[in-house]
Amino acid sequence: MRILIAEDDAALASFVRQGLEAEHYAVDVSSDGEQARAMAAEMDYDLMVLDLNLPRLDGVAILRHVRVRKPGMPVLVLTARNRVEDRVQCLDTGADDYLAKPFSFSELSARIRALMRRSHLPCESVLAVEDLKLDRVERRVERAGRRIELTAKEFGLLEYLMRNAGRRVTRTMIIEHVWNLAFDTTTNVVDVYINYLRRKVDDGHACKLIHTVRGVGYELSSPKGQTA
């Protein structure tokens, strides 16, 4: 799942980003109000963490803009403004939750999980291919009932493959979505991480789910559904 943090305090944004990435979320950060508004409207995020005091455009204006274009995207306001009037204004404008600074990261994480549970249907929050299951909210992966421990990047890669199950995805598509980078033809990072996933997901199982598509990239599918 991908989260946008709109926060102009660089140290705080870095702290929250590192904490969320450790919980296997893909995270983008914007310190500028106008940039945050454009990113929230144009890119595919599962949730937005929004500060109200941003340069160039304040959080309330961003919230109004987002609610018109992304009515279903959860928005958690994280701000030093803690007056009742501020909370009422944000909630009435469309915020789904409101957390005042200073805050506990564990509480922020719990509130994010709660918003994710409410905003995603079960079929969207739990991905399954054969006996492989990935819970996007609880950040849990199992195969044949056995828990699989993944790093943040491994989880993001597997989630992307499972969201595109049965579809061929190129290395460019993977690196742009999972790493949020332009594709560099000299890098083999995608192939390295695919190998990591294969060892954790496919080794020891007769049914292999991660397949190489020559000249294209990769595909996650059951053998009967594989198109390569």
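Reply: Glu142 and Arg140 pair through their side chains in a salt bridge, 2.8 Å from N to O; the term means a side-chain nitrogen of Lys or Arg within 4 Å of a carboxyl oxygen of Asp or Glu. Glu142 is partly exposed at 23% relative accessibility, and Arg140 is partly exposed too, at 34%. Here buried means under 20% relative accessible area, exposed over 50%, and partly exposed in between, with a 1.4 Å probe and protein chains only.

Keep in mind that this is a predicted model: local features need pLDDT of at least 70, side-chain atom pairs count only at pLDDT 80 or more, and totals for chains, interfaces and linings use all residues. Residues are numbered from 1 along each chain as its sequence is written, and side-chain values use heavy atoms, leaving out hydrogens and water.

By the salt-bridge rule, the count comes to 19. One of them joins Glu7 to Lys101, with the closest N and O atoms 2.7 Å apart. That pair links distant parts of the chain, 94 residues apart: Glu7 sits in the loop between strand S1 (2-6) and helix H1 (10-22), and Lys101 in the loop between strand S5 (97-100) and helix H5 (105-119). Helices (H or I, at least four residues) and strands (E, at least two) are DSSP runs, numbered from the N terminus. Glu7 is buried, at 4% relative accessible area.

Arg56 and Asp32 also meet in a salt bridge, at 3.3 Å from N to O. Arg56 is exposed at 59%, whereas Asp32 is buried at 13%.
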